[in-house]
Amino acid sequence: MLDVLSYVGVGVFAVSGAISAGRKRLDLIAVLLVAMVTALGGGTLRDLVLDVRPILWVEDNTYIWVALVAATATMVWQRRVSRIEPALVYADAAGLALFSVLATQRALLAGASDVVAVLMGIVTSIVGGILRDVLCGDPPLVMRGEVYATCALLGSIVFLGLRHIGAPVEAGLLIGAGAALVLRILAIELRLRIPLFHWHDDPRRRR
Amino acid sequence: MLDVLSYVGVGVFAVSGAISAGRKRLDLIAVLLVAMVTALGGGTLRDLVLDVRPILWVEDNTYIWVALVAATATMVWQRRVSRIEPALVYADAAGLALFSVLATQRALLAGASDVVAVLMGIVTSIVGGILRDVLCGDPPLVMRGEVYATCALLGSIVFLGLRHIGAPVEAGLLIGAGAALVLRILAIELRLRIPLFHWHDDPRRRR
Amino acid sequence: MLDVLSYVGVGVFAVSGAISAGRKRLDLIAVLLVAMVTALGGGTLRDLVLDVRPILWVEDNTYIWVALVAATATMVWQRRVSRIEPALVYADAAGLALFSVLATQRALLAGASDVVAVLMGIVTSIVGGILRDVLCGDPPLVMRGEVYATCALLGSIVFLGLRHIGAPVEAGLLIGAGAALVLRILAIELRLRIPLFHWHDDPRRRR
């Protein structure tokens, strides 16, 4: 079941990559590449940093195929995907929520400490999107004051807390992902913004 | 012989990195860095993802020296390099073709599946150029609708197909690289463009 | 003692990341992320390339906490940090100097050749700043003709030379870092610029 949800997350991120690339009028191959980087980039960095080998999608090629199929479907059925695009925001929220807890668990299994596990939960959820935006020349979404990385942080911490008080893994994953999902949906619906930090340069500053 | 061709590929990519950096009026050290990232970035990512250790250029420092010498020569003999720059497009095509089949073979030797091997063939050929363009603030070349990544895809698939029908490695490498090279040269000569995918935003879209 | 200096370097880079992010009016979480990437990105790439496992900050979480605390402090005490910002340029110079020799030593301990060790000294010192600038959409500092990467190069080479003539590690680290620091401070004070390399495009050029 978790595998299926994980594939769904990868597929959703691939669709978001294909849409971003399409907005820049990229060619078909570039669209596929951006979609794959968006979908698989976070997990790649996570497994590299944790030294979990082989990397998830090298071991289980289903992830590659899911990303390819999702990106191709986005191009072929553009009109239909476009019609359900508002729904994609929620699917992306589900992917974010799921990635945050699954990556945290994977990090714990690899022997990482709590703080590293939480970091991996965040990194896995957002790095794909950052790479997508850098490749497409967009300002990174996580850098635009939306409540996004914070949801991954919440999901990861809730999961970790539940594990520490002895909750079973499945319960921790579901409740953690649920918390992240609810926060993300609230953020979308209520247009929550994270307070911005603005550095005021001193005019006498040297550099 | 393959080693020599591989060095040539690295040298050519280093020259292209030095030229890109020079167009941005970067300083000498930055030019060397951009050249090395362009030449060695793809192989680095390939070996990291496949867990092939040590990384090619860590094991065989000749790659580093080739990149350094090529970048230095580009700066010292700018006028001469400039005069043969049209030829460099074909040298770059040769590097692309060679990297795609060599990386595919290296991935197969590391035990990767076919789809991962093809991905590595593409990634190794284009990541250096993507990093070069990101560092120099240019829109990534592979994102501009030119037939480029597709050539690596072709070379990698031809090599893989020949291996599957029992062709010897050398024949596979030569024919695969040849196919990639021919497609790339045709693309340059005939100004082939890959069809663009354009995502039309629905005006009622939420995000 | 070296550990403490290393933490100082991480903290200083985290502050510079937080300031860069703050200049772009990023949200609080994004500021923390940029600060951590700036502080830990170079070491991450170094350990990945050298296959030193676990990665430094995965093994010693103090590095994570130092970066988090430094970034948080930058936001909380913005006014005070702002007042000492001119001093931060020198602290950053100290971090650069220290990272270059420590990374070179770490590479040698991992069995790397001299040229790879020097490369790692440079990469570790500058990659964090490059990632910071890419994430914030700034042109990379090392690409602006300032004498920066050259200082890391000097520190790394001096350390290596001293090791080769039999000097003890501590002496090599101190003198190497000192050389890098002096060059960086001279560069700041005298506004030294590295000669730029300017590639003149031939108007008849094809691409």
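Where in chain A is Asp51(A) found?

1. **The loop residue.** Asp51(A) is found in the loop between H2 and H3 of chain A. Keep in mind that this is a predicted model. Asp51(A) has a positive phi of about 60 degrees, although it is not a glycine. How open to solvent is it? With 33% relative accessibility, Asp51(A) counts as partly exposed, because that class lies between under 20% for buried and over 50% for exposed.

2. **The counterpart in chain C.** Asp51(C) has its place in the loop between helix H2 (28–50) and helix H3 (56–59) of chain C. Its phi is near 60 degrees, a positive value in a residue other than glycine. The relative accessible area of Asp51(C) is 34%, so this residue is partly exposed.

3. Asp51(A) forms a salt bridge with Arg53(C). The closest N and O atoms of this pair are 2.9 Å apart. The count between chain A and chain C is 1 salt bridge. Across the same interface there are 3 residue pairs in polar contact, both partners at pLDDT 80 or more.

4. **Which helices of chain A face chain C.** Three helices of chain A each supply at least two residues of the side that touches chain C: H2, H7 and helix H8 (149–164). H7(A) gives the most to that side, with 8 residues. By residue type, the side of chain A that touches chain C divides into 21 nonpolar, 5 polar and 9 charged.

5. **The extent of the A and C interface.** Here 35 residues of chain A are in contact with 39 residues of chain C. The size of an interface is often given as the accessible area lost when the parts come together. Chain A and chain C bury about 3200 Å² between them. Of that area, 66% is on carbon and sulfur atoms.

6. **The extent of the A and B interface.** Now turn to chain B. In this interface, 39 residues of chain A are in contact with 35 residues of chain B. Chain A and chain B bury about 3200 Å² between them, with 67% of it on carbon and sulfur atoms. Which residues of chain A lose the most area to chain B? They are Arg25(A), Asp27(A) and Gln78(A), and together they make up 17% of what that side buries.

7. Arg53(A) forms a salt bridge with Asp51(B). Their closest N and O atoms are 3.0 Å apart. There are also 3 residue pairs in polar contact between chain A and chain B, both residues at pLDDT 80 or more.

8. **Which helices of chain A face chain B.** Several helices of chain A each supply at least two residues of the side that touches chain B, among them helix H1 (2–23), helix H4 (62–76), helix H6 (85–109) and helix H9 (169–189). Which helix supplies the largest share? H2(A) does, with 9 residues. The side of chain A that touches chain B divides into 25 nonpolar, 6 polar and 8 charged residues.

9. Pro54(A) has its place in the loop between H2 and H3 of chain A. In chain B, a cis peptide bond joins Arg53(B) and Pro54(B), and omega is about -5 degrees. Pro54(B) lies in the loop between helix H2 (28–50) and helix H3 (56–59) of chain B.

10. Phe13(B) lies in helix H1 (residues 2–23) and Phe99(B) in helix H6 (residues 85–109) of chain B, so the pair ties together parts that are 86 residues apart in sequence.

11. Are Phe13(B) and Phe99(B) buried or exposed? Phe13(B) counts as buried, at 5% relative accessibility. Phe99(B) is buried as well, with a relative accessible area of 9%.

How values were computed:
Residues numbered from 1 in each chain as written. Chains lettered and ligands numbered in written order. Predicted model: local features only at pLDDT ≥ 70, side-chain atom pairs only at ≥ 80, totals over all residues. Heavy atoms only, no water. Contact = heavy atoms within 4.5 Å. Buried area = accessible area lost by both parts, 1.4 Å probe. Salt bridge = Lys/Arg side-chain N within 4 Å of Asp/Glu carboxyl O. Polar contact = N/O pair within 3.5 Å; in protein donor to acceptor, adjacent residues only side chain to side chain. Helix = DSSP H or I, 4+ residues; strand = E, 2+ residues; numbered from the N terminus. Nonpolar A, V, L, I, M, F, W, Y, C, P; charged D, E, K, R; others polar. Buried < 20%, exposed > 50% of the residue type's maximum accessible area, 1.4 Å probe, protein only.
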